Amino acid sequence: MAGIYIHIPFCRTRCIYCDFHSGVDMSLQEQYIDAVCAELDMRIGELKGEPIHTLYIGGGTPSQLSPAALTRLFNHLTQYIVWDKCREVTIECNPDDLRTDYIAHLRTLPINRISMGIQSFDDNDLRFLRRRHSAQRAFDAIAGCQSAGFDNISIDLIYGLPGQTLEAWQKNIELAISTHIQHISAYALIYEEGTALMKLKESGMVKECNEELSLDMYGLLIDRLEEAGYHQYEISNFALPHRQALHNSSYWDDTHYLGLGAAAHSYDGTTRRYNPANTTAYIQSITQGLCYYDEEQLSEYDRYNDMLLTRLRTRRGIDEKQLSLQFNTTLIEYMHRMALPHIANGNMERTDGHLRITRQGLFVSDSIISDLFAIE
Ligand code: SF4
């Protein structure tokens with residue numbers, strides 16, 4: 001089983017916190033879709049005939065593609081994907097694009113999951129983040145997708161905004177629950193280098209949320225969503241039963257995937273390929289029939305560190321039996337040795353053949369994971 005990721009690097013406007021690769025020049029759309037289709041033809045062999053069981057169209061803002069461009073992309077994908085066997089087909093959408101006609105068009109395609117970048121149900125937060133939708137538009141977009149028959153909807157939320165209170169965050173959580181969506185991803189606001197948000201912070205115009213409050217917000221998120229029936233299956237991801245994101249979970253389960261488009265990454269079990277983040281250069285290179293990536297052969301240490309980084313983020317943790325098939329005993333012993341102090345202080349546990357971070361440890365997960373990293 002394998003997955004395909006397609007990056008759509010177009011956004012109508014840029015949000016202040018974002019460091020994803022995307023631009024606002026929509027005139028490149030048609031050529032870009034041609035290039036993605038050509039790249040798929042050139043690189044599908046990397047998946048060695050494995051059936052495709054997930055497709056994820058992310059960005060950028062894929063819902064900025066015209067209905068005709070989306071249909072053309074799906075018609076091309078049909079050559080390689082048996083839709084009946086493809087369990088999850090996700091498209092990321094901006095709520096502002098999800099008007100009745102656009103949603104109706106999405107229903108004509110094999111898409112069965114919508115991921116919406118909502119971020120907040122508070123108009124002040126949305127204005128601060130330079131999102132182009134309002135809270136009401138977010139509710140309307142969710143309701144529109146639901147009444148069109150989409151029964152697998154995910155939303156993204158951000159917490160720890162400057163000046164945000166615990167009460168304001170709780171209101172956001174309650175509003176998210178009230179929409180009856182199936183999946184919620186929630187992240188603390190990050191000040192990425194080079195973003196407008198970072199410049200605001202450096203110039204003293206915004207003040208970062210303090211760590212204690214951010215951790216309280218995270219704790220509240222876990223408690224409220226679990227009470228409401230959402231299972232926390234990963235540090236930042238919560239789902240109703242049977243609605244865990246399959247594509248993202250496959251990144252944590254060592255499934256192979258092919259990433260198409262500018263800034264997309266691929267993984268075939270031993271090699272990672274990185275398409276550089278340059279849309280124009282991507283189109284030019286693919287148009288000349290040249291594959292467009294940097295390549296990294298993964299050593300055993302790289303694979304071990306990747307495994308820690310992905311599996312320890314999941315609540316299931318590391319399957320120790322599988323581990324013994326994948327890594328030499330020196331690395332496994334090293335991992336157990338480094339985990340001992342964290343087990344002793346209750347931040348990790350070893351039960352049911354799994355090593356995992358406990359609920360208490362989730363609040364310091366980054367430092368636990370980096371402690372267990374191995375250097376060659
Ligand atoms: S819409 Fe998404 S990808 Fe585009 S700028 Fe905003 S956060 Fe970034």
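This tour moves from the domains to the ligand shell and then to a set of paired strands. The model is predicted: local features need pLDDT of at least 70, side-chain atom pairs count only at pLDDT 80 or more, and totals for chains, interfaces and linings use all residues. Residues are numbered from 1 along each chain as its sequence is written.

**Domains.** Select 2-250 for domain 1, then 300-376 for domain 2. These bounds come from an automatic or database domain assignment. The domain centres, taken over C-alpha atoms, are 29 Å apart.

**Domain contact.** Six residues of domain 1 are in contact with six of domain 2 (C-beta atoms, placed from the backbone, within 7 Å). On the domain 1 side, show α8 (211-227) and β7 (231-234), which each give two or more residues. Helices are DSSP runs of H or I, at least four residues, and strands are runs of E, at least two, numbered from the N terminus. β7 gives the largest share, three residues.

**Ligand shell.** Next, select the residues around the ligand, among them Cys11, Arg14, Cys15, Cys18 and Asn94.

**Paired strands.** Move to β10 (265-267) and β11 (271-274), antiparallel and joined by three bridges. Strands pair if DSSP finds at least two bridges between them. Tyr267 stands opposite Arg272 in β11. Three residues lie between the strands of this hairpin, and Gly269 has a positive phi near 105°. Finish at Arg273, opposite Glu295 in β12.

Key. Two residues are in contact if their C-beta atoms, placed from the backbone, lie within 7 Å. A residue is near a molecule or strand if its C-beta atom, placed from the backbone, lies within 6 Å of it.
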